[in-house]
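Subject: Model for your files, with notes

Hello,

Please find the model below, with the sequence alongside.

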Amino acid sequence: MAIAGVHLTRIGKGDFLFEPLSSMNIQDQDRLILELVEHLQQGQGRRLYYDLNTLPVIDPVYYGWLDSLARTCQTLNVKMICINMQPTAAFTLSQFLAGRPVFETALGIPD
């Protein structure tokens with residue numbers, strides 16, 4: 001599925017893997033979210049696995065992007081699960097969180 005700056009792959013019935021590329025521009029998040037919503041609805045998405053493997057740090061701007069995407073997914077009844085979060089990213093994220101994030105986290109995609 002073609003969305004500029006990301007790989008979006010259907011990995012099972014209702015399950016999608018979202019892999020951001022270095023070219024992804026979160027400043028254009030409205031367009032990204034609209035395109036993603038279209039693909040999730042067409043594919044009857046239930047879960048979106050967001051792979052954070054290449055992200056060493058999560059700053060407040062990137063967290064805002066994750067939060068917006070997760071809230072949008074909630075309105076579609078799609079669970080967003082961030083996977084493969086590096087320890088440095090988890091540590092920086094924990095420094096500015098005031099509450100529980102809207103998304104879930106997991107080590108990887110369950111078997």
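Two strands are said to pair if DSSP finds at least two bridges between them. By that rule strand 4 and strand 5 pair: 5 bridges join them, and the two run parallel. Please keep in mind that this is a predicted model.

Val6 has Pro20 of strand 3 as its bridge partner, and Gly12 is opposite Asp15 of strand 3. This hairpin, too, has 2 residues between its strands, and Gly14 takes a positive phi near 85° in it.

In the parallel pair of strand 4 and strand 5, Arg47 stands opposite Lys79 of strand 5. Strand 5 is mostly covered, with 4 of its 5 residues buried.

The helices

Two packed helices are described by the angle between their axes and the distance between the axes. For helix 1 (residues 29-42) and helix 2 (residues 60-75), the angle is about 30° and the axes are 11 Å apart. Their crossing is right-handed. On the helix 1 side the contact is made by Gln29, Leu32, Ile33, Leu36, Val37 and Leu40, and on the helix 2 side by Trp65, Ser68, Leu69, Thr72 and Cys73. Of the residues in this contact, 8 are nonpolar, 3 are polar and none is charged.

Single residues

Which side chain does the side chain of Asp15 make a polar contact with? The partner is the side chain of Arg47, at 3.0 Å. Asp15 is placed in strand 3 (residues 15-20). Its relative accessibility is 12%, and because buried means under 20%, Asp15 counts as buried. Apart from neighbours within four places in sequence, Asp15 is in contact with Thr9, Arg10, Arg46, Arg47 and Tyr49.

Gly5 belongs to the loop between strand 1 and strand 2. Is Gly5 buried or exposed? With a relative accessible area of 9%, Gly5 is buried. Leaving out neighbours within four places in sequence, Gly5 has contacts with Pro20, Leu21, Ser23 and Met24. Pro20 is also the bridge partner of Val6. As for distance across the model, the C-alpha atoms of Gly5 and Lys79 are separated by 22 Å, and the two residues are 74 residues apart along the chain.

Most residues other than glycine have a negative phi. Asn77, however, has a positive phi of about 60° although it is not a glycine. Asn84 likewise has a positive phi of about 60° and is not a glycine.

Where are these two asparagines, Asn77 and Asn84? Asn77 is in the loop between helix 2 and strand 5, while Asn84 is in the loop between strand 5 and helix 3 (87-96). Asn77 is exposed, with a relative accessible area of 68%. Asn84 is partly exposed, its relative accessible area being 27%.

Regards

Key. Residues numbered from 1 in each chain as written. Predicted model: local features only at pLDDT ≥ 70, side-chain atom pairs only at ≥ 80, totals over all residues. Heavy atoms only, no water. Axes fitted to C-alpha atoms, helices over the stretch in contact; angles between N-to-C directions. Left-handed = near helix turned anticlockwise from the far one by under 90°. Contact = heavy atoms within 4.5 Å. Nonpolar A, V, L, I, M, F, W, Y, C, P; charged D, E, K, R; others polar. Buried < 20%, exposed > 50% of the residue type's maximum accessible area, 1.4 Å probe, protein only. Polar contact = N/O pair within 3.5 Å; in protein donor to acceptor, adjacent residues only side chain to side chain.
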